[in-house]
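My entries follow in the order in which I looked.

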Amino acid sequence: MRLHSQLGHNDQAYTILVRSSLDIQSRVDYGYGVRDKTGDILKQLNVGKNVLLLCQTSLPKQWLAIVHQSLDMQGFKVRLHLLPDGEDAKNLDVLAECWQLMQAEEFTRNDSVVAVGGGAVTDIAGFCASTYLRGINLFLIPTTLLAQVDASVGGKTGINLKAGKNLAGSFYFPRSVIVDPEFLTTLPARDLKSGMGEIVKYAFIEDTIAEATDYKKGPRALHSSLADNFAGGIDASNPALGPLISCCIRMKLAVVIKDPYEKNLRRCLNLGHTLGHAIEKVSKYAVSHGESVSIGTVFAFKLANKIGIVSDKDTAQVETLNNILGLPSEVPGDLDRDELVRVLAFDKKRQGDSIKFVLPEKKLGRVSLDFSITAKELSKYLKQEQA
Ligand SMILES: NC(=O)c1ccc[n+]([C@@H]2O[C@H](COP(=O)([O-])OP(=O)(O)OC[C@H]3O[C@@H](n4cnc5c(N)ncnc54)[C@H](O)[C@@H]3O)[C@@H](O)[C@H]2O)c1
């Protein structure tokens, strides 16, 4: 199936090779219809015959069939394993099942895990590949907007523990991320919007990235072109979507090449995530990752505004952009504030009593990475905000 020409896109296909000083070799294969080349890409990279193919049960069957067929055609021995939907996939039992399957099929280090689906699948697949035999080949085929612009790029993997999200994980780079925007034609509207939550985050860290890396800004700031291009709603047939996905991938790669293990610059990608993760957890994942990040991003601006760093006008602009894109800006009224505070106090990014919080700076598009705040102060602002 090729909707490319029907959709009228003329987005060029490309491959980006990612190499960093730390011996990371990865690539992104982007393009409408590139999913058909999955088998060819694995073959080109000389991997072993065994493939553990991980997929969400809720993914439309046609996408899985195309990837499966492409692997079959190149002679790979595919063991398909369907995973529970959403966050239920990211748990220890599912991980153990995957390890046992690979062990039963006698996978060696040159064999591969291939994940097709949203960020939940790419996250657990990455952790699974990074830990089996201390690391086997990993290929990610993200099928949601959020996974294409963020979750599958950059080598972070993880599963959730009872105490919180992504508490066990690793940094592990896929051999290739195969990004085909045509997958998004079947994505429900809510998931498209959720992906926009991460894209809004990119829009407000664009200058920090452009100043610190090789990423070149376009003629217009991302936040203003977003507001114009998607004012009528988010639609997978919008010709601006492909270039937008590419822009976010390039931004993320630029950051990750500079700081693969999140020692400093990479922390900018966590804008909106401290509160975002707490909202996801306390809502029992009823509020999606992208929605939570968009609420967290507005909260970061409101906090910076209270402290006197960011103007009222810029704070309002972030909320307006969320409104245009149909994203939430407020913590849902029914979420228990005390529970949110408890979760915030255990954030992964805490050091002693304080949490490193990514805070917007005066210039829209720039963030500060070194702002420290205690969980207590953060809670105080949260409660004031929602009073
Ligand atoms: N590793 C990272 O750097 C990173 C970054 C951001 C987010 N994440 C993680 O990503 C996860 C969220 O990812 P997500 O938003 O993709 O959610 P998800 O993986 O739960 O997918 C959302 C839903 O979309 C369905 N779906 C997927 N592709 C589809 C398609 N093409 N058509 C129709 N339905 C489709 C899925 O089956 C699922 O029901 C979270 O666990 C989050 O922590 C990781």
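I began with H7 and helix H9 (residues 222–229), whose axes come within 8 Å and cross at roughly 145°; axes here are lines fitted to C-alpha atoms, for helices over the stretch in contact, with angles from 0 to 180 degrees between N-to-C directions. Helices (H or I, at least four residues) are DSSP runs numbered from the N terminus.

I noted that this is a predicted model, in which local features need pLDDT of at least 70 and side-chain atom pairs count only at pLDDT 80 or more, while totals for chains, interfaces and linings use all residues. Residues are numbered from 1 along each chain as its sequence is written.

I then listed the residues that meet (C-beta atoms, placed from the backbone, within 7 Å): Ile199, Tyr202 and Ala203 in H7 with Leu222, His223 and Leu226 in H9. By class, this contact has five nonpolar residues, one polar and no charged ones, where Ala, Val, Leu, Ile, Met, Phe, Trp, Tyr, Cys and Pro count as nonpolar, Asp, Glu, Lys and Arg as charged, and the others, Gly among them, as polar.

Next I turned to the ligand and found 31 residues around it, of which Gly118, Gly119, Ala120, Thr143 and Thr144 come nearest; a residue is near if its C-beta atom, placed from the backbone, lies within 6 Å. Helices H5 (119–131), H6 (145–151), H7 (189–203) and H12 (289–307) each give two or more residues to this shell, which by class has ten nonpolar, 14 polar and seven charged residues.

Note on methods
Two residues are in contact if their C-beta atoms, placed from the backbone, lie within 7 Å.
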